[in-house]
Amino acid sequence: MSAHGLSLDPLWPRAGDWPPLGADGADLTLIGIPTQDTSLSPTGAGATPAAVRDALRRYSAFAPGEDVESLRFADAGDVPSPDGPEGRERARAAMAEASSRSRLTVAVGGDNSLTVPAALGSFGGDLGAAGLITLDAHHDLRDGSSNGSPVRELIEAGLDGRRIVQIGIADFANSAAYARRAADYGITVIRRDELHTRPLDDVMAEALEIAGAGGGPMHVDLDVDVCDRSVAPGCPASVPGGLAAWELRRFARLAGASSLVRSLDIAEVDATADAPDQRTVRLAALLVLDAAAGLASR
């Protein structure tokens with residue numbers, strides 16, 4: 001048995017325990033941005049990056065048909081105290097450094113406020129041409145600065161709303177005012193109900209086309225509260241009727257497969273509020289690996 005209580009098998013190498021990001025770079029770099037202080041609901045999401053690293057050890061880096069095992073993985077560690085103006089700047093700078101040396105950077109939160117420094121760091125000075133796709137039950141267009149405002153904050157920083165696509169927006173989880181605000185910004189909204197009748201691959205192809213129209217870098221926000229509450233009890237705002245786990249995993253793989261996608265974030269998982277079987281944290285870890293499988297297919 002390993003120090004983590006897991007079996008050891010030289011023919012079944014485990015994922016995770018990736019080396020620090022070095023000067024020679026990596027194909028995929030994991031970075032923790034444990035934001036939680038401005039969450040609109042009480043959360044212990046700051047504990048999630050460490051929990052996801054532990055959960056990665058439960059899986060292998062093998063996916064039939066994709067050469068994931070040959071990818072160079074790295075871990076850039078956690079950004080210390082990433083909340084507030086100074087913390088956000090630390091997170092942006094750390095994300096920029098990781099993205100400059102990686103084909104794909106995956107930021108693990110933390111609440112959804114991490115999307116602002118994660119995207120800004122990844123975009124660098126190319127914000128005008130950049131695109132954003134969110135998998136989220138919510139518009140995240142609130143006033144102020146919280147986990148309910150990252151999309152509005154990115155637009156105010158210079159991101160063109162016409163290159164933002166929001167997938168999975170849920171009924172009874174938003175307001176008419178914020179729906180109007182999304183329309184005013186030119187955001188493309190694909191509601192949860194539409195996903196019952198459309199192939200997911202077609203939805204993501206449309207989103208990539210719209211968000212990538214500027215030819216610049218793209219960031220994908222995987223807010224796990226887009227999932228059904230039965231599979232994401234560790235997300236404070238998840239609701240019954242959300243996406244299935246396999247659906248969000250498919251979106252993560254398709255995002256990783258796009259050459260325009262420079263970065264992803266995984267947000268709103270509170271490891272301290274998860275079910276005893278850690279199903280939400282384990283899903284978050286699988287999102288990292290699905291993004292890697294997509295990257296391997298490029």
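**Core, buried glutamate and pocket**

Leaving aside neighbours within four places in sequence, V288 is in contact (heavy atoms within 4.5 Å) with W18, L28, L30, V52, L56, V106, V108 and I266. This is a predicted model, in which local features need pLDDT of at least 70 and side-chain atom pairs count only at pLDDT 80 or more, while totals for chains, interfaces and linings use all residues. Residues are numbered from 1 along each chain as its sequence is written, and side-chain values use heavy atoms, with hydrogens and water left out.

**E153**
- E153, which has its place in helix α4 (residues 150–156), is buried (under 20% relative accessible area, 1.4 Å probe, protein chains only), with a value of 14%.
- Not counting residues up to four places away in sequence, E153 touches R88, V116, G144, S145 and S146.

**Largest pocket**
- Among the 18 residues that line the largest pocket, L40, H138, D140, R142 and G148 are the closest to its centre.
- A pocket is an open set of points on a 1 Å grid over the protein atoms alone, where a 1.4 Å probe fits, with protein on both sides within 12 Å along at least five of seven lines, and lining residues have an atom within 4 Å of a point.

Key: Helix = DSSP H or I, 4+ residues; strand = E, 2+ residues; numbered from the N terminus. Buried < 20%, exposed > 50% of the residue type's maximum accessible area, 1.4 Å probe, protein only.
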